[in-house]
Structures are given as C-alpha cells and as structure tokens.
Amino acid sequence: MTDLPTLPVTFRPGRTRAILLTAGVVIFLVISGIAMLLEQLGPGERLSFVVTGALIFWVLAQLARVKVVADESGVTVVNIASRRRLAWAEILQVNLRPGDPWVFLNLSDGTSLPALGIQPGIAKQHAIADAKALRALAEAHSTTDLP
C-alpha cells in the first residue's frame, strides 16, 4: 500500500505547468516586442498586439492552473473552467488507466469527474505516484467516514 501523504496535499502537473507558463511569458514578450519594433503600426495596432499576447498568456495560465487539493474533509478538483469540492465519501474510485490523459474520479452519484491536476503527459511516473497517493487517501478516508 502507498504511504499516505500528509494532508493537506496539492497534486499538480509540475512540468506541464512550468512549460505552459514559460511559453505564455515568451509568447507575450515576443508578440509585444514585435508590436514595438514594427514602426508602421499605430498605437491602436500596437495595443491589439499586446492584448493578443496577453490573451494567449491568459489561456495558457488557465491550462496551467489545474490541480487536485486533498485535505481532511475532502478533495477540491480545479480543472480548466471549473472547480468542484467533493467530500471523501463521494469518491468511490480513483482511476488512471494506461492511455488515460488524466485521472478520473468515479463518484457516488454515478458520474465520473476528470481530475486534470494529475496527468501523465510529460511526467508519467510522477502522475502514477500521485494517482496512487490520491487513491490511498480516498480509500483510507472512505473507511473512516462510514458509520
């Protein structure tokens, strides 16, 4: 069995996050730099370049914000456009099957919730370890939550 991590614990795709944020900064700087170097552009056109760079950065930052936070009372899943708080008793199973793009949480209401904060893309072994840790936490807390 996996050793239980100390709560609270946050699971994030660290390398992916670093790449997305770095790319966002570089893209913003390059687009803004081009806007300043092109002498034929007017102030409004320059501003549109900067705003475009900022929007691209914002999109990449939204992709980088995904995480799964586990604490004593449950789990908070932050995906690209949503945040959901779950009690431990709501999580029946934590799945990361071969080929899955991220962890899926099977819930007591019969649905499955993707948890993008644990994804094997760049750091497969790290994601597997995180999935095992979250699974062990869910199993440990589901048995203590029963009457």
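## Basis of the model

Residues are numbered from 1 along each chain as its sequence is written, and side-chain values use heavy atoms, with hydrogens and water left out. Because the model is predicted, local features need pLDDT of at least 70 and side-chain atom pairs count only at pLDDT 80 or more, whereas totals for chains, interfaces and linings use all residues.

Helices (H or I, at least four residues) and strands (E, at least two) are DSSP runs, numbered from the N terminus. Contact, or touching, means heavy atoms within 4.5 Å. A residue is buried under 20% relative accessible area, exposed over 50%, and partly exposed in between (1.4 Å probe, protein chains only).

## The helix pair H1 and H2

Helix H1 covers residues 14-37 and helix H2 covers residues 43-64. H1 has 24 residues and spans 34 Å from its first C-alpha to its last. That value is close to the expected 34 Å at 1.5 Å a residue, where the expected span is 1.5 Å times one less than the number of residues.

The axes of H1 and H2 come within 8 Å and cross at roughly 180°. Axes are lines fitted to C-alpha atoms, for helices over the stretch in contact, and angles run from 0 to 180 degrees between N-to-C directions. The two helices are therefore roughly antiparallel to each other; angles under 35 degrees count as roughly parallel, over 145 as roughly antiparallel, 65 to 115 as roughly perpendicular and the rest as oblique. The residues of the contact of H1 with H2 comprise 20 nonpolar, 3 polar and 2 charged. Here Ala, Val, Leu, Ile, Met, Phe, Trp, Tyr, Cys and Pro count as nonpolar, Asp, Glu, Lys and Arg as charged, and the others, Gly among them, as polar.

The buried residues of H1 are Thr 16, Leu 20, Gly 24, Ile 31, Ser 32 and Ala 35, and the buried residues of this helix pack against H2. Val 26, also in H1, is partly exposed, with a relative accessible area of 44%. Its C-alpha atom is separated by 31 Å from that of Arg 84, 58 residues apart along the chain.

## The nonpolar core

In soluble globular proteins, nonpolar side chains tend to be buried together. The largest nonpolar core in this model has 24 residues, and Ile 91, Leu 105 and Leu 134 have the most contacts inside it. Such a core is a set of buried Ala, Val, Leu, Ile, Met, Phe, Trp, Tyr and Cys residues joined through side-chain atoms within 4.5 Å.

Two or more residues of this core come from each of strands S1 (9-11), S2 (67-71), S3 (74-78), S5 (91-95), S6 (103-107) and S7 (112-115), and from helix H3 (124-144). H3 gives the largest share, 6 residues. Not counting residues up to four places away in sequence, Leu 134 touches Phe 11, Val 68, Ala 70, Val 75, Trp 88, Val 94, Leu 105 and Ile 118.

## Residues of helix H3

His 141 lies in helix H3 and is buried, with a relative accessible area of 12%. Beyond residues up to four places away in sequence, His 141 touches Leu 7, Glu 72 and Trp 88.

Gln 125 is also placed in H3, but counts as exposed at 59% relative accessibility.

Most peptide bonds are trans. A cis peptide bond, with omega about 0°, joins Leu 7 and Pro 8; Pro 8 lies in the segment before S1.

Asp 71 is in strand S2 and is partly exposed, with a relative accessible area of 22%. Leaving aside residues up to four places away in sequence, Asp 71 touches Leu 7, Pro 8, Arg 85 and Trp 88.
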